[in-house]
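Let's take a walk through the places where the chains of this model meet. Have the structure open as you read.

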Amino acid sequence: MSENVDLDVMIGGPQGGGIESSGQMALRVFMIKGYDVFGIREYHSDIIGAHSYYNVRVKAQKPRSVRLPVDALLALDAETIFTHYNDLAPESYLIYGTESLNTRIDGIAPMDHDTKERVKEDLKQKGVEPVASEVVKYLASTGVKTVGLPFKDLLKVTAERLKTTVVSVSKTVNTMSITALAAMLGIDLGAVEKSIQLYFAGRKGIVDSNVEAARTTYEYIKDNYGVSKPLPDGPHRNKVRMIATGNDIVAMAKIVGGVTLETYYPITPSQDEAFYMETHRVFDLDEEASRSLGQSKTGTLVLQAEDELAALNMAIGGALAGARVATTTSGPGLSLMNEAISFAVITETPVVISVWMRTGPSTGIATRQGQQDLLHAMFAGHGEALPKIVLASGDHLEAYYDTIKALNWAEKFQVPVIHLLDKYMAASMMSFDMEDVDPYKVPLERGKLVPNPDPKTYKRYELTDDGISPRAPLGTVQYIVSSLEHNEYGVVTEDPVIREKMSLKRLKKMETIEREIPESEKAVLYGDPDSRITIVSWGSTKGPILDAMGSLAKEGLRLRFLQIKTFLPFPTSTVKKIIESSDDVIAVENNAFGQMVMAVRMFTGLNINKRIAKLNSRSLMEQEIYNGVKKALSMKEGLVVVSDGA
Amino acid sequence: MSQARSCAMCARWRPHVVYPFVGLCTHWGKLTMDTDSCEHFTELVIDNRGIYWVPEMRSRVTGEEAAILVRRGVRVYLGAYLDPDVREETYGAF
Amino acid sequence: MARNWMDYKTDAWVQWCPACGNFGILTALQRALAELDLPNEKVSIVSGIGCSSRIPYYIKTSNVHTLHGRPIPVAQGIKLANPDQVVIVASGDGDLLGIGAGHFVAIGRRNIDIKVILHDNAVYGLTKGQAAPTLPLWFKTKALGQPNIQSAVNPLLLAFASGYTFIARAYAYHIDQLKEMIEAAIRHKGTSLIDVLQPCPTYNDIMTKEWYEKRIYYLDKEDPSWNPNIEKPEDVKKIPKIVEKMMEWEPRIPLGVFYRNTMVEPLDVRIEKIMPGYLQNPPARRSIDIGGRALTNPFVAFKDRIVTT
């Protein structure tokens, strides 16, 4: 029964050495087999050579997180074996290249010194020599099924069959690894071949050699390890689906959501969003739009700025001229954008800033997970830079709709919107269907945008009941925009009465935002609504929390989970109500100081005295919440630090 | 041809960064296997001022360091071969 | 009916010190706009922070007073979104060459059609006369606590190295000549710099009206054959002479158009090449929806992420 399938697979190797294509191919193999997938990349701040790995979870219906231990580890080099030998479940598979067997841990130059010493100590205690072959033997003794792939021999056979040289097929080693993994997991060769065709689409020679490599490997596995129990087909066969990273899906949402100008300065983990938009700067319109506009394509301009100061200020300039604009960055870039956020506030300029958080403080660990910019985002900008909106998405599909909503809210309320995302989402990918990314579900709204204002009466900063004034693009009517305090016409003033009115206008606008964004967009309750045990969290912890709640519910522990989605405006009444009606409240965050807990205290006056924090910069996993919740419930109060992941 | 005069031992050969049994022959301008060989075999002579690639260490060393490594039996090369499609495999790292 | 320079005046009180060079720049700019007969709303003057950056309030066009150092990015955003807008950056030497120097360089690489008017008085007026990036080494104005131990940057050379395609220097009190340079810059399609030397009677007691007027001369007056235009490949032969003139400072300071290169594609032409339709439907004007309905569907626009199972 495919409903019972719940597989975790890990693929590790040197960065730049085929991890990415192996991971991508593996995800496609499982999708073609009819499953939903969720995959995460973990990698070093390095271009080529350091250790990176993919975690892939496979389920019939939407996995939302990954887990340890894994059911199969594909080790493309010895460092992977040394890094992850403790992550294998009993009766799991270790697939490795026989070339790496002789490698000693001390001979692996890229491996982190601290990691090496820790691994050596652990192996010493287990009585295992720090040589790859010995670790493999040790794993075999614990019940792991070890599968050695003689790549050179397999390449020779593949070459002979294609009547070509070994060299010309040498790039098929990734396919061989994936095929071996598939064969051990009981996946048919057909699914592998189809994924090859999909992944190398349009490159005929490459498809042929990879298909032959897959066949050779499949036979090798069958001959040496027998036939595994077949994996049943999942429920999603014969469908047109998609797989995308969080970066991809936000880029898609920006294009669908009508962004006509995106500016950025390259920073991890945001850059792939801008890259994807650049690649798709000219895009096809759907049938109705083609007919209506009389053209089949249109475009979104993406410009790489010289720094984040320029990126946001350019976006603001574009918005002043009437474009729907956005920019993308990470924590360090948000630091540089602070002054311009304040500028956007006083000039009432709509702009969406996607902030892909990573590990800080300072440069921290650029390629790893963190949720440390919550308070930074809320307090971004000097001089009471309010109103603004701070929105945090919990997963890919939420991020898609939230991006479109953020674009709408920015224009409707004429404020900067900081959309908090993170490395976990940026570098993870999930499968989904057409109905999951409905482009028409959230209608595009531009608020009080007036394309043809009356020059005689127009006042850009007119005082209104809701604090929002008519917005005419620069160039349609003569008026001035100022970063200084100004009157209704935008003209600078130090008059105390007008200054006070403008302060109250901004305050009123925040009240309008609080009123008009429905409570259901501010916070969402999951799980058993009547439970008196509540997890409160925000952002990408949602997936591991929901998956862990499923496992805990099977054991009879029914929880509810309050996901805070907007921090400005804050869902004060909901959070208050939920906390006050709980016996146990546990906060989950990827930061040390409990930034969400501080925000909750600030707005509600209530404290959350149990916290689960992940601080090692790796992706939060299901079992960590599962174990963390149990531990937190056994305590009166305090901090549970969860530490899985390599 | 004997193993001692194979591509793997040739000064004109650049091993693949990740799979060192494949490499680029700079004489023929094409990929060969480490065990291939031809009449243009050239002995590698370490130049103290040179820079060398050490596959085992996945790192570059100076000529002086290379000479020490060679005496210890470590293979060094004048360079490494980087797959032209390698950017499809890399990640944003800063 | 053609516009008069008075049509570009606002009723705001001009708050500069008496005899400030900014008055000359303001008048020249208003007159240039009038002679080009540009509709008020179709011009955007974008400034940073400083005395000169108050200029947006005194010219009746669609202006933006931005942050310290950031007028160039904001101006580019406007121009990228709406290439039909005439966009002028007017800001000080501290703003453009100090805190905003990175943008001053980057805009040149783009050759985007924006005119940068550098109000160059070599001091920070609003914070009481500190040395700006164009104050020469060892100058000690009365306003300084100690002599200037940092050397001056050469705005013309910096612009030239950055890729500006129109580079001129003017003197704030020579309104007619400055007006003509502004008009020439607006007519030129590409990133333009006019470095306007400007006495600050309050804080710069060294580089005074008298100091400047002893030194300045016009390139084309001195040498009637002076021709700054680079229009064909062989014109690059003129560049050593142009650079030599850009470097000249003491005892004489040349004014005029130093360099006008019409062989470099401006940014909008470059964008049109990679995104056909940009000029016709630029970001500020292209439709994003049909009555609230998005124009595309991920499964139509992003086929590279599709997996057929």
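**Where the chains meet**

Chain B and chain A bury about 2,600 Å² between them, with carbon and sulfur atoms giving 61% of that area; buried area here is the accessible area (1.4 Å probe) that two parts lose on being put together, summed over both. Arg58(B), Tyr91(B) and Phe94(B) supply 30% of what chain B buries against chain A, more than any other three residues. This is a predicted model, where local features need pLDDT of at least 70 and side-chain atom pairs count only at pLDDT 80 or more, while totals for chains, interfaces and linings use all residues. Residues are numbered from 1 along each chain as its sequence is written, chains are lettered from A and ligands numbered from 1 in the order in which they are written, and side-chain values use heavy atoms, with hydrogens and water left out.

In terms of contact (heavy atoms within 4.5 Å), 26 residues of chain B meet 43 residues of chain A. Three salt bridges turn up between these chains, a salt bridge being a side-chain nitrogen of Lys or Arg within 4 Å of a carboxyl oxygen of Asp or Glu. One of them joins Asp83(B) to Lys171(A), with the closest N and O atoms 3.3 Å apart.

About 6,300 Å² is buried between chain C and chain A, 65% of it from carbon and sulfur atoms. Phe299(C), Arg305(C) and Thr309(C) supply 13% of the area that chain C buries against chain A, more than any other three residues.

Five salt bridges cross the interface of chain C and chain A. Look for Asp248(A) and Arg305(C), which form a salt bridge with their closest N and O atoms 2.7 Å apart.

What does strand β7 (residues 240-245) of chain A pair with? Its partner is β14(C), in the antiparallel sense and over three bridges. Strands are DSSP E runs of at least two residues, helices are H or I runs of at least four, and both are numbered from the N terminus; two strands pair if DSSP finds at least two bridges between them. Within this pairing, Met242(A) stands opposite Ile306(C) in β14(C).

Finally, find Thr66(C) in the loop between β2 and α2 of chain C. Thr66(C) touches residues of both chains, including Phe343(A), Ser483(A) and Val46(C). A polar atom of its side chain lies 2.8 Å from the backbone oxygen of Ser47(C).

Key. Polar contact = N/O pair within 3.5 Å; in protein donor to acceptor, adjacent residues only side chain to side chain. Lists of a residue's contacts leave out its neighbours within four places in sequence.
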